[in-house]
Number of protein chains: 2
Amino acid sequence: MTDFHIGRLTVIGVGLIGGSLALALRDAGVVDDIVGAGRSIENLETALELEIVDRYCLDPVEAVQGADLVFLSTPVQTFGTLAGQLLPAMKPGSILTDGGSVKGDVIRQIEPLLPPGIAFVPGHPIAGTENSGATAAFSSLYRDKRCILTPTPSTPAAALETVRRMWQVAGSEVVVMGVEKHDRILAAISHLPHMIAYTLVNAVGSYDRFEENILEYSAGGFRDFTRIASSDPTMWRDIALTNREALLEMMERYESFLAELKEDIRSGEGQKLYDFFLKSKLLRDAIL
Amino acid sequence: MTDFHIGRLTVIGVGLIGGSLALALRDAGVVDDIVGAGRSIENLETALELEIVDRYCLDPVEAVQGADLVFLSTPVQTFGTLAGQLLPAMKPGSILTDGGSVKGDVIRQIEPLLPPGIAFVPGHPIAGTENSGATAAFSSLYRDKRCILTPTPSTPAAALETVRRMWQVAGSEVVVMGVEKHDRILAAISHLPHMIAYTLVNAVGSYDRFEENILEYSAGGFRDFTRIASSDPTMWRDIALTNREALLEMMERYESFLAELKEDIRSGEGQKLYDFFLKSKLLRDAIL
């Protein structure tokens, strides 16, 4: 790993995800030059002050010129438009990679636009906090976290290896898997829980039988459980739409389990309820 | 509040809930004598060592003799049997109260057994941690928490006032409400979230399409979200069965919201999804 090196890294979207990658690579001393791009000049100024980037451009096309590796960390719905602008400006032999939460849709957006000589390595670091923007970035975000890479048949092996080593340098364990597997796993462990949390808060918060907001009675448990319902609505609208098929499969699976639990409660099946709760507890305790 | 005083307090079930109440009242100097009872001699010995109780009895009937106030903090399914044994041994003018998570069922179990001259004040402190047993008890558990009391038409006003002041001395804000309202609010903010968490872990943990446990990929968000799925299966079987009607109402309400969300995802209703997530975020942020 000691010979790993990037000349110029360009980060499009210098927030928690992109900024933390930049900081991790800078701290490891493996990158010469980091250029940032984004829509908010205030955020880019902050990124410069925090030494996340060496310089920035408001124009992403200008930002990618001369870059050896370009990291896309804007909302996934912007990837198609951005890729259409950036790819023609990238230098031959350079690599485009990303940190989007959904991979099938991102590949469908970007792959048809790829010019010869530019490699695309779809990726997704499984890490984050509730905070956003350059001020939220920190160099250890990816340490001991997993990063999933989902190469396509057209991804060159050398480019995959470069991106794998980049994430290893940032502290992550890299897992390579098929795009469909990624999208179904994320639907299950991340997208479904967000749908559940949003739904729970709406269902309980709009219950008006007692002419007062019953959420006022919620104690710490409810607050912890629904923390993810405070997530950004735009981001989650995009994820729900771009990973639709896998998410609907998981929602239906979950609904059928819930319907069975409801029937066991209705018919007073004490032993079945105990077994169901115990099985869940054992599964949950195993991932503590 | 300075004139509030209990001669002898008996706590049946000296765990987190009962032990913490004993410690809070002892610290406040408002109780002369605290007697514990329970099934586990080891736990009662611990409670004695930790000075939660002054003495203990393995026989709950013996434990309540001479008590001015008896606090039931065993699992709610045991209340009927225990009340049948204890009530005839309690002294005239004394008060029975409890800390059970469900109130309608508890009242149905206890009220028909009440002898003349003994008051019953159904209660539920909205506080807790994931730990249990006397070692988990601490005197500030109830500080700045709510305690709901659900008196019935036969609850004497003086007894209600005594129990109200007891919880205020322990640091809680006391709310008096009808039993049905209590059970529906708790179904919404506590029982439904537990059912959801248990179901999510089972639905995801048993997904076997990829021949590996996809829970292995879960990051911090999923672990936080499913923490309550590690709760005690016996306790939750009992709650699901004893608060069945209110819980089923809430589960059905939640299911209908989830079905609508699923249809909006399926038909690609971006604006509706955004509005739904935003509404939830605003409701959630308001209870931070």
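Predicted model: local features only at pLDDT ≥ 70, side-chain atom pairs only at ≥ 80, totals over all residues.
## Chain A at a glance

Let's start with the overall build. Chain A has 288 residues, and 56% of them count as buried. Its secondary structure comprises 11 helices and nine strands. Taken along the principal axes, the C-alpha atoms of chain A fill a box of roughly 65 × 40 × 35 Å.

Among the contacts in chain A with a separation of 6 or more, 73% are between residues 24 or more positions apart.

## Where chains B and A meet

The contact draws on 85 residues from chain B and 85 residues from chain A. The size of an interface is often given as the accessible area lost when the parts come together. Here, the area buried between chain B and chain A is about 8,400 Å², with carbon and sulfur atoms giving 68% of that area.

Polar interactions are part of the picture too. There are 14 salt bridges between chain B and chain A. Glu252(B) and Lys262(A) form a salt bridge, and their closest N and O atoms are 3.7 Å apart. Across the interface of chain B and chain A, 36 residue pairs are in polar contact, with both residues at pLDDT 80 or more. On the chain B side, the elements that give two or more residues are strand E8 (146–149) and helices H7 (179–205), H8 (220–225), H9 (233–242), H10 (244–266) and H11 (270–285). H7(B) provides the largest share of that side, 19 residues. By residue class, the side of chain B that touches chain A divides into 49 nonpolar, 14 polar and 22 charged residues.

## Helix H1 of chain A

Helix H1 of chain A covers residues 16–27, and its geometry is worth a quick check. With 12 residues at 1.5 Å a residue, H1(A) should span 16 Å, and the distance between its end C-alpha atoms is 16 Å, which agrees.

Nine of the 12 residues of H1(A) are buried, so the helix is largely enclosed by the rest of the structure. The buried residues of H1(A) are Leu16(A), Gly18(A), Gly19(A), Ser20(A), Leu21(A), Ala22(A), Leu23(A), Ala24(A) and Leu25(A). Their cover includes strands E1 (6–12), E2 (31–37) and E4 (69–72) of chain A, together with helix H6 (157–169) of chain A.

## Two buried residues in chain B

Ser101(B) sits in the loop between strand E5 (95–98) and helix H5 (104–110) of chain B. Its relative accessibility is 17%, so Ser101(B) counts as buried, given the cut-off of under 20%.

Val35(B) belongs to strand E2 (residues 31–37) of chain B. With a relative accessible area of 0%, Val35(B) is buried. Val35(B) and Val11(B) are 24 residues apart in sequence, while their C-alpha atoms are 6.3 Å apart in space. Val11(B) is also one of the residues that Val35(B) touches, beyond those up to four places away in sequence; the others are Arg8(B), Leu9(B), Thr10(B), Val53(B), Arg55(B), Cys57(B) and Ala63(B).

Methods:
Residues numbered from 1 in each chain as written. Chains lettered and ligands numbered in written order. Heavy atoms only, no water. Contact = heavy atoms within 4.5 Å. Buried area = accessible area lost by both parts, 1.4 Å probe. Salt bridge = Lys/Arg side-chain N within 4 Å of Asp/Glu carboxyl O. Polar contact = N/O pair within 3.5 Å; in protein donor to acceptor, adjacent residues only side chain to side chain. Helix = DSSP H or I, 4+ residues; strand = E, 2+ residues; numbered from the N terminus. Nonpolar A, V, L, I, M, F, W, Y, C, P; charged D, E, K, R; others polar. Expected span 1.5 Å × (residues − 1). Buried < 20%, exposed > 50% of the residue type's maximum accessible area, 1.4 Å probe, protein only.
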